[in-house]
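These are notes for a colleague who has the model open and wants the main points residue by residue. Please read them alongside the coordinates.

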Amino acid sequence: MLPFYLLTLAATIQAHNLLPGSCNFESNTCGYTSDPDFTSWTLHKDGRFVSVEAAVSDDQEDQIGADGGPQRETSGVLLSPALEQGEWSCLRLVYQISGSGSLEVLQSTEGKSFDRPLWSSQAPSDSWVISSMDLQNTTEPYTVVIEAKPGPSAGSSVAVFEIHITPGYCLDCDFEESHLCGYSNQWNANVNWYVGGGGSQILHNNIPNDHTYNNKTGHLMYVDSIYAKTFKEVAKLVSSMTTVPMSGCLSFQYQRSEERGNLFSVFTRDRLGQYQELWRAGSENQNDWSGTLEEWIPVQVELKAPYSVQVVFEVSFNSARGGRVAVDDISFSPEFCSTDTEPTFDPSIANCDFESGFCRYSQEQMIGSSWRRVSVKPNIFRNGDHTTGAGYFLLAHSWLSPLSGYVSRLIGPTLPGNMKYCLRFYFSLRGFNQTDQALAVYLQQGSSQERIWTQGEKSRGIWITTDVTFQTSKPAKVVFVSTCKSFWDCGSVALDDISLSLGDCELTEGSVLRTLPGHCDFEAGLCGYTQDKQSDSGDWELRRGPTPTSYTGPRADHSTGLGYYLHMEASPMLSGQSVRLLSRPLRGSRGPQCLSFYYHMYGSGTGQLSVHLHKDGEGALLWKLSGEQSIAWLRATVDYRSDIQHQIVFEATRGSSVRSDIAIDDITLESGPCPVTKTEAPVGSSNDIE
């Protein structure tokens with residue numbers, strides 16, 4: 001028996017019930033092949049692993065399934081054989097990123113254009129690291145895609161030592177295997193979780209039989225207070241981070257010695273390090289125990305994790321006589337422990353883009369103004385909605401009120417209590433004096449209400465996004481309130497694209513869905529898009545805020561109103577010159593694909609924006625538009641097909657004058673076809689609501 005924090009990964013994971021797709025790369029690649037369109041993975045027979053290196057591979061190494069032709073980039077794609085597994089399973093990856101680089105695992109389903117991200121990492125390490133990711137049950141064949149990108153520095157490489165797929169959930173563990181299912185001890189100088197059992201005991205000779213086999217040979221995890229020195233010593237056994245939303249029943253077995261000097265609890269811990277207690281052992285369960293921990297006690301606890309969490313088994317001691325706690329046979333079921341448990345709340349009931357009405361939002365019948373659902377045709381004077389640029393949004397406007405002052409209240413659906421939420425929405429203000437009462441958000445619980453947000457940003461008639469994290473203690477409703485006390489204080493208040501999710505906004509913003517190939521909002525750079533240096537007359541430029549030339553270009557980006565977009569600055573260019581933006585190489589698919597993006601074409605001399613599909617050295621026009629369109633960001637959707645590797649090319653051409661700036665933002669590539677959007681006749685023109 002060795003301290004868990006000193007255990008190193010065994011040379012081979014001795015696993016039972018391995019499923020197809022598992023491989024230890026000992027003598028071959030088990031059907032895994034390199035995608036020939038990318039850099040080849042190399043099989044190292046001496047060390048039993050595969051890798052992609054920044055430098056040219058040694059000629060003595062074998063290359064997997066690819067020719068020795070020129071390599072376009074240092075990016076290797078390893079493809080599993082076709083897998084058909086109808087039940088939920090867990091993929092564990094043993095890997096190492098040396099120097100710098102990144103590793104990403106995706107799931108490619110037959111008939112779908114783009115792969116679903118499962119996990120990714122950019123953290124370098126000096127040794128092998130294990131990661132776990134859940135593979136949800138599916139009736140369709142799929143392929144595991146492993147993409148490695150070693151960094152540019154000398155000696156950088158990305159290696160995979162073992163791929164290990166087993167039935168069940170990644171949280172499941174009987175601790176019989178050397179990798180311990182990805183559970184790890186959060187090291188403490190004095191108290192730590194240890195692996196017990198296996199027939200040999202070094203520190204203690206009274207470790208109980210494990211629960212799995214009920215003998216001394218089986219394994220379990222335990223923590224003992226024998227080395228506790230300070231008043232409160234804490235030992236934590238931590239699972240891997242969940243990679244998919246999970247809700248159901250978490251079960252485990254535990255034993256706890258008769259000493260009362262410990263506190264045993266189970267928590268979830270999110271990516272922000274925030275804890276939520278699921279369960280705590282009570283003293284009433286210890287009445288008839290002996291100090292030898294002879295009986296295992298089963299525990300079932302409800303787990304609702306709509307975002308990524310770790311499960312933490314925590315034991316705290318107050319002295320060296322705090323006793324001992326053992327844990328074994330952790331498992332998860334998608335069925336709740338109790339039939340009385342409420343199903344996980346779907347927060348999307350509070351989402352609304354107002355394209356088809358007010359959704360589940362309502363208004364109080366009261367004297368004064370109300371929120372009106374309006375639409376603005378694309379024009380060069382007034383902004384349209386945020387969703388498409390030509391759709392619907394809500395407007396509270398003092399000029400339409402029969403009185404000089406008003407209060408407009410928009411009330412959302414009822415939200416369950418004792419939960420944390422993230423509210424996001426877009427707003428736009430115009431007026432003489434934008435006071436803090438122009439727009440505020442309240443949480444209404446029964447007869448009381450609490451203000452949780454008030455606008456502090458001078459929006460200047462542009463759409464600005466905001467997000468609000470709030471907690472409910474009991475059922476509540478979100479209320480959007482616009483207040484106008486006098487004509488001179490107020491202008492118009494617009495509201496659009498309300499969305500609600502579970503958890504802290506920092507969580508949902510950073511991890512909810514990892515970006516797919518081709519997605520880009522330009523907030524963190526070009527996302528793999530590159531400038532065409534060969535045939536360009538200039539470059540696309542990242543910009544924040546208005547463009548330098550007046551009466552052309554956007555005043556803000558589309559994503560947040562305060563972020564970045566990409567634009568062609570017409571001033572230094574000649575009429576007819578163009579700039580081209582190339583996507584990263586995209587793998588082909590037999591199915592339809594959908595490209596959507598937002599464009600901004602405002603200016604009397606606006607030229608042309610076009611989108612091309614580049615493959616096999618040839619280009620095909622997918623979409624184009626010429627001339628001035630609107631002062632608003634407008635959405636475009638394009639259906640296309642390509643069964644081979646290809647690139648998407650955005651080309652902007654300067655028009656007749658310097659007032660010819662063209663901008664793009666929020667590019668999205670998804671499985672197609674593109675959804676059909678029905679645009680109704682506008683309720684009011686720009687003159688009606690200006």
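1. C90 and C170 form a disulfide with their sulfur atoms 2.1 Å apart; a disulfide here is a pair of cysteine sulfur atoms within 2.5 Å. The pair links distant parts of the chain, 80 residues apart: C90 is in strand β6, and C170 is in the loop between β11 (157–167) and β12 (184–186). The S-S torsion of C90 and C170 is about 105°, so this disulfide is right-handed. Both cysteines, C90 and C170, are buried. Buried means under 20% relative accessible area, exposed means over 50%, and partly exposed lies in between (1.4 Å probe, protein chains only).

2. Some notes on the source. This is a predicted model, in which local features need pLDDT of at least 70 and side-chain atom pairs count only at pLDDT 80 or more, while totals for chains, interfaces and linings use all residues. Residues are numbered from 1 along each chain as its sequence is written, and side-chain values use heavy atoms, with hydrogens and water left out.

3. The chain as a whole has two helices and 41 strands. Helices (H or I, at least four residues) and strands (E, at least two) are DSSP runs, numbered from the N terminus. Of the 690 residues in the chain, 54% are buried. Among contacts in the chain with a separation of 6 or more, 80% come from residues 24 or more positions apart; contact means heavy atoms within 4.5 Å. The chain exposes about 30,500 Å², and carbon and sulfur atoms supply 48% of that area. Accessible areas come from the Shrake-Rupley method with a 1.4 Å probe; for residues, only the protein chains shown count as cover.

4. How many disulfides does a search of the whole structure find? It finds eight. A disulfide is a covalent bond between the sulfur atoms of two cysteines. The pair in point 1 is one of those found, and two others follow.

5. C249 and C337 form a disulfide with their sulfur atoms 2.1 Å apart. The torsion about their S-S bond is about 100°, so the C249 and C337 disulfide is right-handed. C249 lies in strand β16 (residues 246–256) and C337 in the loop between β21 (324–333) and β22 (362–363), so the pair ties together parts that are 88 residues apart in sequence. C249 counts as buried because its relative accessibility is 4%, whereas C337, with a relative accessible area of 28%, is partly exposed.

6. C520 is joined to C527 by a disulfide, S to S 2.0 Å. The torsion about the S-S bond of C520 and C527 is about 65°, so this disulfide is right-handed. C520 is buried at 5% relative accessibility, and C527 is partly exposed at 35%.

7. T547 lies in the loop between β33 (541–544) and β34 (564–568). Is T547 buried or exposed? T547 is buried, because its relative accessible area is 8%. The side chain of T547 reaches the backbone oxygen of T552 at 3.0 Å and makes a polar contact with the side chain of D661 at 3.1 Å. A polar contact is a pair of N or O atoms within 3.5 Å; within protein, one must be able to donate a hydrogen and the other to accept it, and residues adjacent in sequence count only if both atoms are side-chain atoms. Not counting residues up to four places away in sequence, T547 touches T552, G553, P554, Y565, H567, E569 and D661.

8. G86 is found in the loop between β5 (76–79) and β6 (89–98). G86 is partly exposed, with a relative accessible area of 45%. Leaving aside residues up to four places away in sequence, G86 touches N137 and T138. G86 and T138 are 52 residues apart in sequence and 5.1 Å apart in space, C-alpha to C-alpha.
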